[in-house]
Amino acid sequence: MTETEKTSSTGWERLSKLSYGLAIVVGFVVIVFFSILYVTDDIDLIQKREAHGYSTVEHTDCAEIADETAPIGIRKQYTFRLDQTLENDTYLAFYTVHQYVKVWLGDQQAYSLNPTGEHRLSKTVGGNWVMIPLYPEDVGTEICVEITPVYESFRNRQVDFLIGSQLAIYSDRLAQDLPQLILGMLAVFVGLIFLSMAVSNLFRWPHGSELASLGMFSLMMGLWRLTDTRFTPLILPEHPVFLFYLSVAMLMVGVLPIIKAVKKRFDKMSCRVFDIYCVLAEVICILQFTLQMFRVMDVRDNLVVTHAMILLGMLIIVGNVIYDWRKYPQKHEKYIQSGIPIVCFIGVLADIIAFYFRGTSSGLLFSLLSLLIYIVFSGVSILFRYSKQEKQLAEIDRKLAEKERQLTENRIATMMSQIQPHFIYNTLGTIGQFCLENPQKAQDLVQKFSMYLRGNFTELGESAPIRISKEMEHVRYYADIEQIRFPDMQVIYDLRAEEFLIPALTVQPLVENAIKHGLMGLESGGTVTVSTYETKKAYFVRVEDDGIGFDDSVYSDGKKHVGIQNIRTRLAAMCGGTLTINSIRGKGTTAEIMIPKEGE
């Protein structure tokens, strides 16, 4: 992928996150502020009857009355007579959704449910259970129920009139909605568990956002199904509009977290498609909420757009799964969850089709069941993957600790090899001789010797590479001492690269070997050349001598040449460098360090 494509992909991802947050904020304002402060409180509820097994009214007369003031231009009137015997704790009960209600018992208006606020942002009053107490003296009374649909899709919605005790009606409704309630609560519980685990391990799991997105998706799906049952308004009868908008909002933005959760499993091209879809879906959500706020169009009127976006999102997921199968077949051989999105798509499609045939999604569990299976399966897979990663990280930490221990041992071994008694004795002997013959020269030699010893002790304490200039200072202290002892020896420096890092005490031992094993074998004289240079890919340090040379195969023996082996180990571990030694008997030896530049 080119730099332009990477920048474009990152831009879409950032725009997706920004619009997602904006959609949530706007949705929250519409749901909480306007639903509770304006919509729910602006319902005129008149309850004039006092409360002192169940059955369904079988025969009702229904008449459709034209009314220009009604939201869709019609009202419906249902009339029937109470012929059965009435006992105490008997109620007339029926469920309405997006419908205004008026009820008359004979000539007395017993119930009214209508919006009254002048600043209402929505036509709907949500889903409500109408509960009117009946008394024994109401036997034979004619009941008239006037229902005014708010939306065209509810023109012919069937209304069932129930007569019985509250407990019987509540129990029956709970039994019918129990599977949906259980699955909804399970989805909420799973979502909260995943979210809490993702948040609690935020700093331990660098990719914990995947689990958090999955948890958010599960939470939203659970809230959607819990607020979309007929039993829920029995529990929260004072907030029907809030329940409705909460349900719709969860449906509108609920598909976005699952997109965020699955996109990390695909390649860059698929991620860009997901990001573009998220931006489109979030813009549509914001537009729908804005139209609702300014009373241009209700969210319920645009439900077909929401369903279309959900299907499009699921199709994009399925399409990318199939694309991924064909492009990377080896990646899917061991993962069953790769096929689960297809099952989820089928479940969502079945729910939406059933919704348009039935007129409601209450009780439809295809999508929730398939999505819950996917959520649990994917969540467990993520946790298993995180657990495996933690084990791998622990193993890496163990290996790093072991490598650090080895480096420490190597530094100690190098230090011990550098502080050789014969070098100290010879240097001290030379200093003693100069004290008698040339005190000034003795003083200079003492200073250089002290700097040499200080370099051995301080630089070996460095756990990170040092600048080559600092390493060369230590080389000069050693070489100057040897040149004082052996004036006919020459050390030449050709430093053309001085801006790179190298492990401490890697060049000085090579210079020492060149003098000790190369030049000391000559009858007199000899030259050691220390040079540095760089290429486009690496830095080089070369130590050459014109001494007696040797069989360079002996340096492959780690037992006999611990110092050289330690240099190689520290070069490889600390900067990825290498050390090569070539020697020709009678001509000299060349030792070369190569340190790759960053990124090579």
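Residues are numbered from 1 along each chain as its sequence is written. Because the model is predicted, local features need pLDDT of at least 70 and side-chain atom pairs count only at pLDDT 80 or more, whereas totals for chains, interfaces and linings use all residues; side-chain values use heavy atoms, with hydrogens and water left out.

The protein chain contains 15 helices and 17 strands, taken as DSSP runs numbered from the N terminus (helices H or I, at least four residues; strands E, at least two). Of its 600 residues, 49% are buried, where buried means under 20% relative accessible area, exposed over 50%, and partly exposed in between (1.4 Å probe, protein chains only). The mean pLDDT, the predictor's confidence in each residue from 0 to 100, is 80 for the chain, and 81% of the residues reach 70 or more. Over residues 37–41 the pLDDT falls below 50; beyond near neighbours in sequence, this stretch has 14 contacts in the model (heavy atoms within 4.5 Å).

Strand E5 (residues 90–97) is mostly covered, with 8 of its 8 residues buried. On one side lie Thr-90, Leu-92, Phe-94 and Thr-96, on the other Tyr-91, Ala-93, Tyr-95 and Val-97, and all are buried. Strands count as paired if DSSP finds at least two bridges between them. E5 runs antiparallel to strand E8 (residues 127–134), joined to E8 by 8 bridges, and Ala-93 has Met-131 of E8 as its bridge partner. E5 also pairs in the antiparallel sense with strand E10 (residues 162–164) over 3 bridges; there, Tyr-91 stands opposite Gly-164.

The whole structure holds 14 salt bridges, each a side-chain nitrogen of Lys or Arg within 4 Å of a carboxyl oxygen of Asp or Glu. One of them joins Arg-75 to Asp-67 (2.7 Å, N to O), and both residues are buried. Another joins Glu-592 and Arg-542 (2.6 Å, N to O). This pair links distant parts of the chain, 50 residues apart: Glu-592 in strand E17 (residues 588–596) and Arg-542 in strand E15 (residues 538–545). Glu-592 counts as buried because its relative accessibility is 18%, while Arg-542, at 26%, is partly exposed.

On the surface, Leu-174, Leu-178, Ile-182 and Met-185 form a nonpolar patch with about 340 Å² of accessible area together. Patches are made of residues with over 30% relative accessible area and no salt bridge, like charges being joined within 9 Å and nonpolar side chains (Val, Leu, Ile, Met, Phe, Trp, Tyr) within 5 Å; areas come from the Shrake-Rupley method with a 1.4 Å probe, and for residues only the protein chains shown count as cover. Met-185 belongs to helix H2 (residues 166–200).
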